[in-house]
Amino acid sequence: GETYSIDIGHGGAESTAQQVGCLALKDYLEKNSNGAFTVNIYPSNSVGSDDELCQMVQNGNIAMCLANSVILNYVPDAAIYDLFMRFGNIDEVKEKYSDENFINVMREKYADANFYLGGFSVHGFRQTTANKPIYSPDDLKGLTFRVMQNDLHIQAWQCMGATPTPFAFNELYTALQQGTVDAQENPIELIYSQKFYEQQKYITLTNHLQQTQQWLVNLDFYNSLSDDNKAILDAGIAAATDAATSYALENEASWTKEIEASGCTIVDLTDEQRQVFKDAVSPEWDAVKDRVASEVWDAYIA
């Protein structure tokens, strides 16, 4: 007879895959739990920044959130997600991020920070934009390249020949417009929604890093549920990740077409060209391997 009100926060706007996934979670739980669960969704960081949302879930102030790279502040083994050039195509990403062995290994690490890792949604690859095509690391030389504030990302782009510069995301469009930075990397969804393509002539499909979201639950809350309610919540999260993944990947094609229609050129790479980038980032692989537990490394590389 227990009833639970789940508050879930995320940083995406209401038009994003994050929101689509949260709506699918709400729909599933409220239709299939006989009134046990109700869900309240808070998009656009309306109750806190990405970091604050993780703190709130960790402390039990809200039940759930979606997390991205900020999780490194809480789960050091999440550095595994920053392994550049790990995957050859999006199907490989989807397979790994739905692999039960990998998820279970990571769940143990998240549990140490009082999180239950419900699962992952896959939102495509991060891609490279510049005013010239990027066919090889040589093409990155001399480019001031905006990256997020992450030492592994900085190392990887240095290995590939760029001059990485951490820069505030909300100032990036103006920085590209004014030439403060020459290039940047983001998933197609953000390149489209933020209109970065208006200031860059080329998008090269480097596929250098997967873009995912982690669906987190306060561990104490999860453990307080009956086995039946745990199963219902897990099924709801599975419905949410499927919905978010499908929305992101299906819309990526239409977003790409709109970008091309605007006059920005999309450049694809061959497997051989991507291999050259992968060879270049081998020192970053060593750095990640040194940072994460051996069982995490083995589960991710397998």
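Biologist: Is N229 buried or exposed?

Modeller: This is a predicted model, and in it N229 has a relative accessible area of 13%; buried means under 20%, so N229 counts as buried.

Biologist: Where does N229 lie, and which residues does N229 touch?

Modeller: N229 lies in helix α9, which covers residues 227–261, and if we leave out residues up to four places away in sequence, N229 touches Y4, A36 and F37.

Biologist: Okay, strands now. Are the faces of strand β3 covered or uncovered?

Modeller: Both faces of β3, which is made up of residues 64–67, are covered. M64 and L66 are buried on one side, while C65 and A67 are buried on the other.

Biologist: And in which sense does β3 pair with strand β1, parallel or antiparallel?

Modeller: Strand β1, residues 4–9, pairs with β3 in the parallel sense over 2 bridges, and G9 is the residue that stands opposite C65 of β3.

Biologist: How many bridges join β3 to strand β8?

Modeller: There are 4 bridges between β3 and β8, the strand of residues 202–218, and these two run antiparallel.

Biologist: Changing topic, which residues touch the most other members in the largest nonpolar core?

Modeller: That core has 58 residues, and the ones that touch the most other members are I71, I80, Y81, Y110 and F115. Strand β4, residues 115–130, gives the most to this core, with 6 residues. Apart from this core lies another one, of 27 residues, which includes I41, W215, F221 and A244.

Biologist: Back to Y110, what does Y110 touch?

Modeller: Not counting residues up to four places away in sequence, Y110 touches I71, V75, A78, Y81, F115, L117, Q214 and L216.

Biologist: Last one, helices. At what angle do α4 and α12 pack?

Modeller: Helix α4, residues 100–111, and helix α12, residues 294–301, pack at an angle of about 155 degrees, and their axes are 9 Å apart. Angles over 145 degrees count as roughly antiparallel, and therefore α4 and α12 are roughly antiparallel to each other.

Biologist: Is that crossing left-handed or right-handed, and which residues meet there?

Modeller: The crossing of α4 and α12 is left-handed. On the α4 side N101, F102, V105, M106 and K109 take part, and they meet E295, V296, A299 and Y300 in α12.

Note on methods:
Residues numbered from 1 in each chain as written. Predicted model: local features only at pLDDT ≥ 70, side-chain atom pairs only at ≥ 80, totals over all residues. Heavy atoms only, no water. Buried < 20%, exposed > 50% of the residue type's maximum accessible area, 1.4 Å probe, protein only. Pairing = 2+ DSSP bridges. Contact = heavy atoms within 4.5 Å. Core = buried A, V, L, I, M, F, W, Y, C linked by side-chain atoms within 4.5 Å. Axes fitted to C-alpha atoms, helices over the stretch in contact; angles between N-to-C directions. Parallel < 35°, antiparallel > 145°, perpendicular 65-115°, else oblique. Left-handed = near helix turned anticlockwise from the far one by under 90°.
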